[in-house]
Amino acid sequence: HAADAHRTDLMTITRHVLNEQSRHPASRGDFSILLSHIVLGCKFVCSAVNKAGLAKLIGLAGETNIQGEEQKKLDVLSNEVFVKALVSSGRTCILVSEEDEEATFVVPALRGRYCVVFDPLDGSSNIDCGVSIGTIFGIYVAQDKDKPSLDDVLQPGKNMVAAGYCMYGSSCTLVLSTGNGVNGFTLDPSLGEFILTHPDIKIPKTGKIYSVNEGNAKNWDGPTTKYVEKCKFPKDGSSSKSLRYIGSMVADVHRTLLYGGIFLYPADKKSPNGKLRVLYEVFPMSFLMEQAGGQAFTGKERALDLVPSKIHQRSPIFLGSYDEVEEIKALYAAEE
Ligand code: AHM
Ligand code: MG
């Protein structure tokens with residue numbers, strides 16, 4: 001189609017969010033401003049990730065983050081960029097980052113009503129070898145922007161007003177939900193704009209791919225073991241599933257969202273709460289999955305119902321296609 005070769009009517013992420021906003025008459029544009037600062041952070045990190053090898057940005061910064069992991073320079077840089085972009089937006093009052101032990105309370109002069117929880121650069125083990133990594137974020141609204149408190153972010157995931165991630169992969173892709181479905185945008189480097197490329201993403205109801213770190217299998221619980229066994233040796237005549245595991249949550253979840261299937265980071269004997277962090281990993285991804293028609297389950301409850309008591313709390317997570325998560329839920333129910 002000739003019209004497709006030179007698109008002249010570009011749906012940028014800003015235009016998309018402004019369109020959504022026009023449906024809320026009371027809106028004053030604060031969310032659009034906040035989002036444009038998040039987008040700036042993503043563009044910066046994308047550019048830094050692409051130049052990492054060249055610019056010798058990667059390598060150890062000689063610091064250890066609060067979870068005892070070695071911090072890479074790119075993590076430090078990404079965190080700084082996001083914190084500065086979010087504070088300067090004038091629309092935030094509390095920030096929680098995977099990289100910072102304490103929450104950041106924004107100075108009164110720059111306070112706005114949004115609380116942002118984020119992992120500025122997730123998938124640290126994949127940085128040095130050029131495999132996809134990403135940024136994950138979730139957004140809450142504070143009770144009172146002039147009296148921000150940790151209670152504003154220690155909220156169940158269902159109270160988020162928006163969530164998303166940006167994947168730094170073969171292209172730079174931003175996936176966003178403001179509670180009205182899920183949309184995917186791809187960065188056009190020649191324009192420096194995210195363009196709507198994946199409107200209204202729906203996850204397939206079932207899927208042929210499972211995604212889990214099977215190296216932990218000896219420590220798994222019964223339901224996880226049974227589910228994965230069934231993926232490999234189905235007894236009902238169905239064909240076995242394919243295993244795909246990148247070890248970057250953003251990339252593994254992105255594939256799950258587009259192709260269907262399930263992503264698991266279960267509890268195990270060594271890590272009774274799993275590995276992934278509730279506020280800025282489990283919640284945003286669970287929010288997107290539900291908005292796309294899938295499900296997210298912790299092994300005990302709907303993931304978005306969980307009420308966190310600490311900002312860096314972890315939880316087991318099973319998320320993906322509706323039917324696959326139903327199976328996991330049934331296996332846990334049978335345990336009781
Ligand atoms: P990170 O915050 O150190 O990058 O760890 C989070 C990552 C996720 O992206 C990924 O899903 C998981 O850790 C992989 O963990 P594992 O290496 O145990 O399979
Ligand atoms: Mg992380």
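Which elements do the buried residues of H5 pack against? They pack against E11, E13 and helix H8 (322-335). The model is predicted. The protein chain holds 8 helices and 15 strands. Its radius of gyration is 20 Å, close to the 20 Å that the globule rule gives for 336 residues, so the chain is as compact as a globular protein of that length.

**Overall build**
- Along the principal axes, the C-alpha atoms of the protein chain fill a box of roughly 60 × 55 × 45 Å.
- Of the 336 residues in the protein chain, 47% are buried.
- Take the contacts between residues at least 6 apart in sequence: 63% of these join residues at least 24 apart.

**The five-stranded sheet**
- One open sheet has 5 strands, in the order E12-E11-E13-E15-E14. Its pairing is mixed.
- Strand E12 (242-243) and strand E14 (295-297) stand at the edges. Each has a single partner strand, so one side of each is left without a neighbour in the sheet.
- Strand E11 (residues 209-211) and strand E13 (residues 262-265) run parallel. They are joined by 2 bridges.
- Ser211 has Phe263 in E13 as its bridge partner.

**Helix H5 and its two sides**
- Helix H5 spans residues 222-232. Its buried residues are Pro223, Thr224, Tyr227, Val228 and Cys231.
- Seen down the axis of H5, these buried residues fall within an arc of 125°, so they line one face of the helix.
- An α-helix has 3.6 residues a turn, so residues three or four places apart point the same way.
- Gly222, Glu229 and Lys232 are exposed, on the other side of H5.
- The packing partners E11 and E13 also belong to the open sheet. Helix H8 is the helical partner named for this buried set.

**Helix H2**
- Helix H2 covers residues 13-21. Ile13, His16 and Val17 are buried there.
- Their arc around the axis is only 95°, which puts them on the same side of H2.

**Surroundings of ligand 1**
- Ligand 1 is surrounded by 13 residues. The closest are Asp122, Gly123, Ser124, Asn213 and Met249.
- By class, the shell around ligand 1 divides into 2 nonpolar, 6 polar and 5 charged residues.

How values were computed:
Residues numbered from 1 in each chain as written. Chains lettered and ligands numbered in written order. Predicted model: local features only at pLDDT ≥ 70, side-chain atom pairs only at ≥ 80, totals over all residues. Pairing = 2+ DSSP bridges. Helix = DSSP H or I, 4+ residues; strand = E, 2+ residues; numbered from the N terminus. Buried ≥ 20, exposed ≤ 12 C-beta atoms within 10 Å, placed from the backbone. Arc of directions from axis to C-beta. Contact = placed C-beta atoms within 7 Å. Near = placed C-beta within 6 Å. Nonpolar A, V, L, I, M, F, W, Y, C, P; charged D, E, K, R; others polar. Rg over C-alpha atoms; globule rule 2.2 N^0.38 Å.
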